[in-house]
Each structure stands twice: as structure tokens, then as C-alpha cells.
Amino acid sequence: MRKCYACGGSQAIAAVAYGTETIPSVDVIVGPGNKFVAAAKKLVFGKVGIDMVAGPTEVFIIADSSANPAWVAADLLAQAEHDVVAQPVMVTTDEALAQKVSDEIEKQLAELSTRQTARESIDSCGRIILVDSLEQAAEFANRKAPEHLELAMEAGEDRDKVASLVRNYGSLFIGHSAAEVFGDYAAGLNHTLPTSGSARYTGGLSVRVFLKTVTTLRAESGSEGMKNSALAAGALGDAEGLAAHARAARIRL
């Protein structure tokens with residue numbers, strides 16, 4: 001049975017976690033929200049399952065000399081306008097490109113209706129990092145494990161190499177035309193993704209969040225497997241100083 005409720009914010013997280021007179025409690029809460037929603041999900045975890053504690057949003061762009069400075073700047077600002085603590089980061093081996101992107105950010109900021117938020121994000125959390133090699137850029141990306149990783153590079157051997165080296169990200173956007181905003185709105189990619197380095201050990205929201213693994217043991221009395229398990233369990237119980245554990249195993253012999 002499916003039901004929809006028009007509610008939001010941290011109060012909605014509390015409502016569906018514990019239930020109210022009109023809203024039943026649930027087993028799992030998933031999906032993005034602001035920092036208050038993220039904090040609320042963290043607080044109710046254990047009472048219910050959650051997908052992840054998400055935020056702040058991130059984009060990490062590896063760009064080479066073929067990148068269009070205006071496009072890269074636009075992608076950084078698209079992330080920056082989300083939140084004053086959003087993290088727009090670019091890494092490049094090309095110092096001239098770094099300067100052009102920096103200049104382009106200032107130019108586009110001046111015309112941006114969300115410039116107040118984007119400005120604070122760029123100033124406090126934005127970075128343009130110069131590296132010695134594309135391999136080093138890939139290593140930085142793996143250490144950052146960003147929510148969104150863009151390879152603003154022309155098709156070819158270098159881009160293929162970087163794509164093979166990166167492994168920690170929520171979603172990977174390959175090539176100049178693969179704008180991160182397409183993943184937000186139109187291209188069909190998952191948009192509930194790991195942040196704050198959690199892409200090192202998990203992916204985005206998927207059907208796996210709604211699946212659970214359970215185990216079952218059936219033992220036949222007197223079987224070889226049962227006897228071997230009892231002997232092993234008894235020895236381990238003794239080693240741990242858990243006498244009742246050892247007895248519960250050996251009593252079946």
C-alpha cells in the first residue's frame with residue numbers, strides 16, 4: 001500500500017520515524033534534504049534505516065588544456081549556488097586555464113541572480129588546484145571521493161587513463177559535454193549520492209538500500225558437520241572464557 005504525505009523538513013523526518021496521529025512510522029528513510037534534514041536523519045538512525053547522511057554538495061572537476069573556461073566556471077557556480085558551504089573544486093595541470101576559469105567565475109558571478117550564496121561558497125569552499133600531472137589529479141580525486149566528478153577533457157588516451165584511475169565518486173561525468181547539471185535534471189543518473197568522502201565505501205541510493213541479507217542454519221543431529229561445529233564452537237568458547245557458550249555447543253555431542 002502506497003501513501004503520500006505533503007510534509008518536509010526535519011519535522012517530517014521525526015514524523016515518519018516515530019509516527020504521529022496521522023502519519024504512520026516507517027522502516028527506512030531515504031532521499032536528500034538540507035542540513036537540518038541530514039541532522040534529523042542522523043538522529044533517528046537506528047530507530048529506522050537511512051540511505052546516508054548527505055551534504056554539503058560537491059563537484060570536483062579534472063580539467064586539461066582542452067577545457068572551455070566558461071563551461072568549467074559555469075559548472076563550478078552551478079554547484080556553488082546550492083549552499084554557502086557547497087564545495088566547487090577544479091584540479092588542472094594548466095596554469096593558464098586555471099587563471100581563465102578564475103576570471104570567468106568572476107564574470108559570471110556578476111550576472112548571477114544567486115550570486116550572494118555562490119560568492120560565499122566560492123570564497124569559503126571553492127578551490128582551483130594546480131597539479132604536476134593528470135595522475136596526481138586522479139589521486140586527489142580518489143582522496144576527496146567527491147559526490148560529482150567531472151573529466152573536462154577531450155576524448156583520447158589521457159582521458160581514458162584518468163577515467164581508469166579514478167574510483168571514488170558518486171557519479172562520473174566524462175567529457176566536455178557531460179555537464180553535471182544533466183545528471184541533476186535530465187540524463188537519468190542517480191541524484192542521491194554520497195558526500196563528505198563517503199564515496200570511498202558506498203555508492204548512491206539504489207534498490208540495495210531496500211534489501212536486507214538474512215542467514216539461516218539447519219543442522220542434522222549427529223551429522224559430521226554438526227559434530228565438527230560443536231567441537232570448534234566449544235574450543236572457541238573456552239578460549240574466550242565463555243563457559244556457557246562452550247557447554248551449549250558440547251551438550252549436543
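Colleague: How are α3 and α4 placed relative to each other?

Modeller: In this predicted model, the axes of helix α3 (residues 69–80) and helix α4 (residues 95–109) come within 8 Å and cross at roughly 60°. Axes are lines fitted to C-alpha atoms, for helices over the stretch in contact, with angles from 0 to 180 degrees between N-to-C directions; helices (H or I, at least four residues) and strands (E, at least two) are DSSP runs numbered from the N terminus. Angles under 35 degrees count as roughly parallel, over 145 as roughly antiparallel, 65 to 115 as roughly perpendicular and the rest as oblique. α3 and α4 are therefore oblique.

Colleague: What limits apply to the model and its numbering?

Modeller: Residues are numbered from 1 along each chain as its sequence is written, and side-chain values use heavy atoms, without hydrogens and water. Totals for chains, interfaces and linings use all residues, side-chain atom pairs count only at pLDDT 80 or more, and local features need pLDDT of at least 70.

Colleague: How many bridges join β3 to β4?

Modeller: Alanine 63 stands opposite threonine 92 in β4. Strand β3 (residues 58–63) and strand β4 (residues 87–92) run parallel, and the bridges joining them number six.

Definitions and conventions:
Pairing = 2+ DSSP bridges.
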